[in-house]
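Please go through the predicted model shown here with the questions that follow.

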Amino acid sequence: MIFTFKKDTSEAELQRIVSELEAAGIRTARSPESRRPILAAVDPVPDETRARLEALPHVDSVTKPRGSWRRVDRAFRELPTVVDVSGVPFGARGVAVIAGPCSVESEEIIGEAAETAKRAGAHVLRGGGFKPRTSPYAFQGLGKEGLRLLKAAGDSSGMPVVSEIMDASQLPAFLDHDIDCLQVGARNMQNFTLLKAIAGVGKPVMLKRGLSATLKEWLQAAEYLAAYGCDGIILCERGIRTFETATRNTLDLTVLPLLRQWTHLPIIVDPSHAAGIPALIPPLSRASIAAGADGVAVECHPRPAEAKSDGAQALLPGELATLVAETRVVAAAVGRTLV
Ligand code: PEP
Ligand code: MN
């Protein structure tokens, strides 16, 4: 249950309710919401306790979360959450574009990719140092050196950077190089040890949807991050595994209007890993923004044929520039702007 209180509720009254719930063995979570006090009961609340609390003069409303999450439920915040990635807001009126190669391959290529992405109008640079490759024989990434090169390219082009972390043992490398946003990839969405390890380090986390994850499983993974201290969670829909083999995955745009009702977290879309085909990425980006995405994350490469991973789905710099320009038009059509 999530209890929303009237604005003038005193701390003493809130504390009294917290103590009463905790005394009954019901753990509570206090929303960081500043506009009014909001309190979630983490454990089930017996009907009679709920009825009594609901009748208190300071309680405005009581909402039942749609799943077993609490902190990421829409009712836990008054307004949708805006996540700041080193100056780039996700979830505000502006729509953000994340772009960059699948993996960091060399200083020269990531530098060129960063410059062209910046010129195209992108806001955040992506690139993997640690790559989750399906084959153990495929390029596994440059590791820590890749993070160094990514950060340097982000600094020189003036963009914060996002990169995938696959294991808690890699965390010091991400912190040493001040990677602005930690990406949890589809394959690790339910790696709860990883989620717990990265939640409290003070970095925003982009949580991609698992290959076959339901929305409830995805939000429960996000709840792990929130419960362990992360207040900067960005959800990223990246396509799910279906019977269809014509595309790499099937982009599920349903999540945009549906999760808006279920959660206050910002939601972006990665059409690159969803489609796997460059020609599909611009229309899917436009559709994502039209359906309410707070941003898109796309892969681009100055010379896709030479890419060491996901070259077949990489946009050319010119294609990225067109995508950003079209994104701006669609954003305006739905009352938004670019960041
Ligand atoms: C990626 O972003 O390069 C990636 C591996 O994505 P996903 O986890 O969505 O497959
Ligand atoms: Mn990729």
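**Helix packing and side-chain contacts**

Q: Is the crossing of α10 and α11 left-handed or right-handed?
A: In this predicted model, helices are DSSP runs of H or I with at least four residues, and strands are runs of E with at least two, numbered from the N terminus. A near helix turned from the far one by less than a right angle gives a left-handed crossing if anticlockwise and a right-handed one if clockwise. By that rule, the crossing of α10 and α11 is right-handed.

Q: How are α10 and α11 oriented to each other?
A: Helix α10 (residues 281-290) packs against helix α11 (residues 317-333) with axes 9 Å apart and an angle of about 25°, the axes being lines fitted to C-alpha atoms over the stretch in contact and the angle, from 0 to 180 degrees, lying between N-to-C directions. Angles under 35 degrees count as roughly parallel, over 145 as roughly antiparallel, 65 to 115 as roughly perpendicular and the rest as oblique. The two helices α10 and α11 are therefore roughly parallel.

Q: Which side chain makes a polar contact with the side chain of R77?
A: Residues are numbered from 1 along each chain as written, with chains lettered from A and ligands numbered from 1 in written order. Local features need pLDDT of at least 70 and side-chain atom pairs 80 or more, while totals for chains, interfaces and linings use all residues, and side-chain values use heavy atoms without hydrogens or water. R77, in the loop between β4 (59-63) and β5 (83-85), touches S31, P32, E33, I38 and H264 (heavy atoms within 4.5 Å), not counting residues up to four places away in sequence. At 3.2 Å, the partner in the polar contact is the side chain of E33.

How values were computed
A polar contact is a pair of N or O atoms within 3.5 Å; within protein, one must be able to donate a hydrogen and the other to accept it, and residues adjacent in sequence count only if both atoms are side-chain atoms.
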